[in-house]
Every structure is written in structure tokens, then in C-alpha cells.
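User: Hey, I'm new to this one. Could you walk me through it?

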Amino acid sequence: MLLEATGLIKKYNGKTVVDNISFSLNEGEAYGLLGPNGAGKSTTIGMIFGLVRPDGGTVMVEGLDAWQKPLQAKKLLGYVPQEIALYGDLSARENLMFWGRMYDLGGSRLKDRVAQVLDIVGLSERGGDKVETFSGGMKRRINIAAALLHEPKVLIMDEPTVGIDPQSRTYILETVKNLNAQGTTVIYTSHYMEEVEFLCHRIGVIDHGRLIAQGTLHELRSLVGEAGQVSFVLRGSRDGFLEAVQSLPQVKQATLQEDRLVVTTTESANALAAVAATLAAAGVEMQKVDIQEPNLEAVFLHLTGRALRD
């Protein structure tokens, strides 16, 4: 286990803002903490990185207790805060040189890493420009670059796309996706369900300081109990197969609408395979398949009785 948070608790003025949260990550995973503003995501992340002292629980990073050996643990972690942590009157490169020295980097190694991370976030040509001249999205990209300088094993990102333009948001999401594909383990907090769906292998749903569910996207969707739909666009003869499709155990309902077969199911992946086999046996060719499943908004509504952004 690369990182393990167990029983994290934090109270402010007698109010519990993080209530017994536990989760773990294997190397190479991307884990999302999804919840509305004020749910306890940032406080949880702060305890993991060592910025907020927990009132209970432990954080282990590669077998190190993050609060017993904070310096050793922090060398394994990269932190991208929700707020911009840069000096506006310094250039992007000067900011990165400064933060690199905070991680004990120096000499040619530091210069090489600054060049590499500027390239990763797509700002090599702007490295000599003052950060105060950058757009909000560009500042957030330099924020990410700073967290990558020491090549952390775990990249912790706290709402990194808040308040930026759609183009910068897309660039950041693609950058994180690529970093994870190259082996960087990621913890990503957001109240944007589409970001978590795009990036994360497993997701923890957090509300009022409690982790109310966690699992893969498929596992969370299955909690809703709502059926998804699989739509097949067909070619050729469409006779003699509908009854066979309707009788499949994975299928709740099947209707034929001109050249389109629409299947309602709670097991989209299994239904897709079973229906495809049935169509093939009947000599019916599929031109296109479209799957629509319950999303994380439906999961949150099911678990809490309110919408994610309420």
C-alpha cells in the first residue's frame, strides 16, 4: 500500500468537520474525493499532507507515519493547493527555482527539473515571464509544476480547476491524466463530478465530513439501482431476435424503434455482451452502440437526498 489514511478526525470549536475518514491507494492509482463545497475535502487533504494536525487517525506513506516522520513523508508527496502559491513579481522559472530549493534540489538537477516541469505544463516559452502577467489557468499550471519538481510518488490536488477558463481546465485534466498514465499516483478533490469520472479509478463520496461511499465508478453507479440504457443501431434484417433479447437475464426491457434496439439494464457491460451475442446468432449486424448509465450526480442524490451542488 503506497498511502493509507485511517480514521481521520478533525474538529474545530467542538464541531466535527472530518469524521472517521479512511481510504488507501496503491501505486499508480488515481483516487478522487468528490463532494460539495464545505464537505471536508480540503481538511482531509491537509491532514494527509501534514498541514492540518488530525485530532484522531493516522496517515501512512510507504510505511512512514506522516506525523511521526513528516519530512521523509513530504518528500514522497506533491501538493497542489486550492489557492495559488506563487510570487507574482517573480518569473515562472524563478518561482520554480525557489520551490525546488525548498525540496533540497540544486545545481544542474534543479535547472533540468524546472525545464522538464515547464514542458509538462506547456509553459516553456513563458518561463521568463512574471507570474503576475499570467491568466488564472496559467498560474494554476505553474502551481502544478511546482508540486512536480521533486518527482513525488503521490500528487495531491485540491480543487485545481476552480475559477479558470474551459481551455485551461481541459489542459490541466489532460496533464493529470497523462501523469497518472506514466505512473504518478494521484489524489484529486473536486465538486465537479465530470472531472472525477474522467480522471479517477476509484472515488470516495464525501459529505458533511463523512465518507459515505467509495469504489469504482461502476460500483458507485450500482448503488443507485437505476437502470441504464444500451442503444444498438442495427443494419439488415431485424426479424426474430427481439423476444430472445427480452428473455436475457441482464435485460429489464427491450424495444425496437425502426433501426434502433434500446435495452434497459442495470448491468450495461454484461448486457452489451449478451445482446451482441444474441444479435450475432440471429445474423443481425450492429453499426453503433451507445451506453447511457446513471452518473455520480444520481449517486450523490441517492445517498444524501440532495443534488451535489445544493
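Predicted model: local features only at pLDDT ≥ 70, side-chain atom pairs only at ≥ 80, totals over all residues.

User: What do Arg-202 and Glu-29 form, and how far apart are the closest N and O atoms?

Analyst: Arg-202 and Glu-29 form a salt bridge, with the closest N and O atoms 2.7 Å apart. The term stands for a side-chain nitrogen of Lys or Arg within 4 Å of a carboxyl oxygen of Asp or Glu. Arg-202 sits in strand β9 (residues 202-207) and Glu-29 in the loop between β2 and β3 (30-34), so the pair ties together parts that are 173 residues apart in sequence.

User: How many salt bridges are there by this rule?

Analyst: The count is 10 salt bridges. Another one of them links Lys-153 and Glu-62, at 2.5 Å from N to O. Lys-153 is in the loop between α5 (136-148) and β7 (154-158) and Glu-62 in the loop between β4 and β5, so this pair ties together parts that are 91 residues apart in sequence.

User: Is Glu-62 buried or partly exposed?

Analyst: Glu-62 is partly exposed, with a relative accessible area of 40%. Lys-153 is partly exposed too, at 32%.

User: Switching topic: in what order do the four strands of the open sheet come?

Analyst: The order is β2-β1-β4-β5, with antiparallel pairing. Strands here are DSSP runs (E, at least two residues) and helices are too (H or I, at least four), numbered from the N terminus; two strands pair if DSSP finds at least two bridges between them. The edge strands, β2 (15-25) and β5 (64-65), each pair on one side only.

User: How many bridges join β4 to β5?

Analyst: Two bridges join β4 (residues 56-61) to β5. In β5, Leu-64 is the bridge partner of Val-61.

User: Which helix lies across β1, β2 and β4?

Analyst: That's α1 (residues 41-49), running at about 120° to β1 (3-12). Contact means heavy atoms within 4.5 Å. The axes are lines fitted to C-alpha atoms, for helices over the stretch in contact, and angles run from 0 to 180 degrees between N-to-C directions.

Terms used
Residues numbered from 1 in each chain as written. Heavy atoms only, no water. Buried < 20%, exposed > 50% of the residue type's maximum accessible area, 1.4 Å probe, protein only.
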